[in-house]
Amino acid sequence: MTSLSTQTSRFWHLSVGRLFALLLIGLFAFFLISGAFMYRQLVAMERVLADISKDGVPAMIDASQTFSQANLLLNSIQELTMASTSAAQRIALSEVEKKLNQMLQTHPTMQASVYDEQIRLIREELDSLNVLIAQKLAILNQIQTQKTALFVLLSDMQRISQQDSAKLQSWATQVAAIVAQTTESMSEGRLYLLRDKRQLLANQINQLSEVTTSLPASSKNQVEALNESLNKLVTGENGLFKLKAEQLRVNGRAIGRGHFVTNMVEDFSRDAEAAAVRINQRAIGEVAELTATVNRQSKTFIVIAFLTGLLLLLSMNVVRKRIIHRLVLLNRAIKQYVPGEADLIDDDRQDEIGELVRSFRQFANTLEIQQEKLKNLSLTDELTNIANRRHFEKRLEHELRLAQRHQWPLSLLIIDVDYFKAYNDFYGHSEGDTCLKTVAAIISKAIRREVDLAARFGGEEFVCILPSTDKSGAMAISHQLHALLYQANLPHHKNLVSDRVTWSIGVATSSPQEPFDRDTLILHADTALYHSKQSGRNTTTHHDQIDPARKSHS
């Protein structure tokens with residue numbers, strides 16, 4: 001008894017250092033034994049995690065990248081399908097090829113043979129789509145050529161109709177109506193309506209011969225020749241209606257082919273995603289199996305959890321300082337965030353919270369950029385619903401650079417409604433606004449190409465940007481604008497040159513031989529507009545038609 005109590009007393013009187021050493025040795029032995037037991041489980045977990053990091057995570061990244069790039073490719077395919085010029089076709093095709101190459105570099109988790117076959121089929125369909133787009137553009141060019149010839153014929157008709165003959169005047173009126181109906185029919189999008197209009201105009205052209213038979217011999221031959229030319233241009237084998245019908249057919253095939261290619265790209269994206277999902281499902285199954293094993297052996301670790309409680313208390317203190325405190329500061333900074341001051345959040349440690357701070361900064365900067373882009377979307381005139389002056393100035397700068405790069409002409413029209421102040425004073429500002437909306441719609445109707453832009457320049461002034469359009473093309477558009485406004489027959493009793501609304505137009509052209517900057521081109525068009533007003537209004541003047549002495553005077 002005396003010996004046992006002596007040993008107990010010696011234990012309790014051990015120094016703190018020795019006692020702490022004994023405790024450390026005991027804990028070390030305990031953790032060494034339990035560590036050997038846990039090692040087997042850790043090896044199994046490491047294997048599962050390795051499979052996930054090697055196959056699952058890259059597969060999901062590949063699927064995400066493939067999905068994102070497929071969406072970009074779909075947008076480029078849509079732009080290629082809707083291309084209205086050769087330049088737009090080349091740009092869109094370049095973008096499609098670029099996006100397709102980017103998809104090739106992602107290496108999605110799929111069988112290589114299947115992947116290569118899908119890419120090959122997509123390329124073949126894209127080539128077919130590009131051929132259809134080229135056919136469509138070629139037909140559009142033919143239509144434009146025939147329309148130009150039609151306006152030349154109309155000019156010849158007006159010259160002949162100036163002779164003092166009531167029958168010639170009647171003939172000229174019928175021809176002008178046929179030309180106007182033909183021009184309007186070129187915007188028709190349905191084949192059966194196009195056929196009906198073609199038959200109607202063919203009958204009207206045949207009726208012209210009845211007027212021709214009673215004409216004097218001096219003008220009969222000329223009129224018959226013009227009738228024959230009109231018939232060929234409108235209803236002939238290579239006439240406008242034949243070309244328009246062919247354009248609608250080719251355009252329909254192009255749209256259908258574009259949808260087919262779109263479906264192929266979407267299928268490709270879904271296949272890549274499905275392959276990634278299969279790999280991740282396998283990894284999830286392995287994780288579930290490992291979790292079940294760990295649950296069965298969880299009781300073994302109860303004692304370890306109890307003994308490591310003291311260590312956890314110390315760890316919690318570290319967590320509080322290193323994680324929770326920093327998260328609280330980050331949350332406070334987010335709540336007090338001021339736009340433009342995201343960089344003021346001070347936490348650049350190389351860990352997950354530091355990465356979270358950097359992600360927030362990137363998100364805040366992206367949000368600010370998107371808000372700025374939203375402001376820039378306000379480029380439409382509120383009254384007329386066409387582009388406003390700000391949009392016009394930005395677009396003109398862009399189109400001038402594009403014209404200089406591709407060495408093509410660019411024309412600018414400045415349109416001013418004649419005596420519009422008198423119109424407002426007589427009819428009232430409400431009717432004046434309605435008039436501006438109507439003339440804006442007429443201008444938009446005449447400016448049909450997607451590359452063209454009609455904009456309100458200010459007050460009763462409008463502008464039209466006509467890329468890849470030389471002087472003759474711009475003058476043809478201006479004559480068409482006069483004709484459309486005349487047909488609209490908008491009353492204007494205070495107009496000193498007509499009983500209806502008219503406008504004066506100034507035209508200027510920047511060519512590869514004589515390029516102009518934005519301000520010079522606007523100045524030339526404005527000078528031409530001034531001379532149109534000085535020439536009696538309701539007319540068009542090109543800057544090249546002005547006498548140099550009068551240019552300097554203006």
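User: At what angle do the axes of helix α13 and helix α14 cross?

Analyst: This is a predicted model, where local features need pLDDT of at least 70, side-chain atom pairs count only at pLDDT 80 or more, and totals for chains, interfaces and linings use all residues. Residues are numbered from 1 along each chain as its sequence is written, and side-chain values use heavy atoms, with hydrogens and water left out. The axes of α13 (residues 420-427) and α14 (residues 429-446) cross at roughly 135 degrees and come within 7 Å. Axes are lines fitted to C-alpha atoms, for helices over the stretch in contact, and angles run from 0 to 180 degrees between N-to-C directions. Helices are DSSP runs of H or I, at least four residues, and strands are runs of E, at least two, numbered from the N terminus.

User: Why is α13 called oblique to α14?

Analyst: Under 35 degrees counts as roughly parallel, over 145 as roughly antiparallel, 65 to 115 as roughly perpendicular, and the rest as oblique. The crossing is at roughly 135 degrees, so α13 is oblique to α14.

User: Which residues make the contact?

Analyst: Contact means heavy atoms within 4.5 Å. From α13 come Phe-420, Tyr-423, Asn-424 and Tyr-427; from α14 come His-429, Glu-431, Gly-432, Cys-435 and Leu-436. They divide into five nonpolar, three polar and one charged. Here Ala, Val, Leu, Ile, Met, Phe, Trp, Tyr, Cys and Pro count as nonpolar, Asp, Glu, Lys and Arg as charged, and the others, Gly among them, as polar.

User: What makes Tyr-419 partly exposed?

Analyst: Buried means under 20% relative accessible area, exposed over 50%, and partly exposed in between (1.4 Å probe, protein chains only). Tyr-419 has 24%, so Tyr-419 is partly exposed. Tyr-419 is in the loop between β1 (410-417) and α13. Its phi is near 50 degrees, a positive value in a residue other than glycine. Most residues other than glycine have a negative phi.

User: Why does Asn-538 count as partly exposed?

Analyst: Its relative accessibility is 36%, so Asn-538 counts as partly exposed. Asn-538 lies in the loop between α16 (518-534) and β5 (540-542). Phi of Asn-538 is also positive, near 55 degrees.

User: How much of the protein chain counts as buried?

Analyst: Of the 554 residues, 38% count as buried. The secondary structure comes to 17 helices and five strands.
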